[in-house]
Amino acid sequence: MAKISNFGMHTAYLLGFKRIADVRGISSIMSLFENAMILSGIYLQIRPDHHVYIGKTSNMIRRFEQHRQNGIVIEELAFLPIQKRFLDKKEKEIIAKAQRFGIALDLSLIHISEP
């Protein structure tokens, strides 16, 4: 695995994520969540060329696999555990925060709906 980019670290920090992982070349992120009680939450993906994607999920491991199966290249991943009932509100807050900080969210990137 490569070193976390300064861009990824800075972006995650500004948006309130406590840690970011290099996920280049891995097919499963299960090892990142071995002791996690909550798999629902908000995630931040750093994609090639510093494209930033923010999403919500009720199961981060499954969601990561869905993105990869649909050809999305994810270089770095940050995750903030959130109870399901707060997902919509927290996702909107983090997207608004990203926009306030001038973080360009590429909304033209493929969005895959979670079942």
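**A walk through the chain**

Author: Start with Glu76, which sits in strand S4. Keep in mind that this is a predicted model.

Reader: Is Glu76 buried or exposed?

Author: Glu76 is buried, because its relative accessibility is 1% and buried means under 20%.

Reader: What does the side chain of Glu76 reach?

Author: The side chain of Glu76 comes to 2.7 Å from the backbone nitrogen of Ser5. Glu76 also makes a side-chain polar contact with Arg24, at 3.4 Å.

Reader: And which residues is Glu76 in contact with, leaving aside neighbours within four places in sequence?

Author: Among them are Lys3, Ile4, Gly8, Ile20, Asp22, Leu44, Gln45 and Ile46. Ser5 and Arg24 are on that list too.

Reader: OK, zoom out. How many helices and strands are there?

Author: The chain has 3 helices and 4 strands. In sequence order they run α-β-β-β-α-β-α.

Reader: How much of the chain is buried?

Author: Of the 115 residues, 43% are buried. As for contacts between residues at least 6 apart in sequence, 70% of them join residues at least 24 apart.

Reader: Where do the nonpolar side chains go?

Author: In soluble globular proteins they tend to be buried together. Here the largest nonpolar core has 19 residues.

Reader: Which residues have the most contacts inside that core?

Author: Leu15, Phe17, Leu44 and Ile54 do. At least two core residues come from each of helix H1, strand S2, strand S3, S4 and helix H3.

Reader: Take Ile54. What is Ile54 in contact with, beyond its neighbours within four places in sequence?

Author: The list includes Leu15 and Leu44, both named above for their contacts inside the core. Ile54 also touches Ile42, Tyr43, Glu91, Ile94, Ile95, Ala98 and Leu105.

Reader: What about a second core?

Author: A separate one has 13 residues, including Ala21, Val23, Tyr43 and Leu77. Tyr43 belongs to this second core, and Tyr43 is also in contact with Ile54.

Reader: New topic: helix H2. Which residues in H2 are buried?

Author: H2 covers residues 60–69, and its buried residues are Met60, Ile61, Arg63, Phe64, Gln66 and His67. S2, S3 and S4 are among the elements that cover them.

Reader: Which residues other than glycine have a positive phi?

Author: Asp49 has one, about 60°, and His50 has one near 60°. Most residues other than glycine have a negative phi.

Reader: Where are Asp49 and His50?

Author: Asp49 is in the loop between S2 and S3, and His50 lies in the loop between S2 and S3 as well. Asp49 is exposed, because its relative accessibility is 70%. His50 is partly exposed, because its value is 44%.

Note on methods. Residues numbered from 1 in each chain as written. Predicted model: local features only at pLDDT ≥ 70, side-chain atom pairs only at ≥ 80, totals over all residues. Heavy atoms only, no water. Core = buried A, V, L, I, M, F, W, Y, C linked by side-chain atoms within 4.5 Å. Buried < 20%, exposed > 50% of the residue type's maximum accessible area, 1.4 Å probe, protein only. Contact = heavy atoms within 4.5 Å. Polar contact = N/O pair within 3.5 Å; in protein donor to acceptor, adjacent residues only side chain to side chain.
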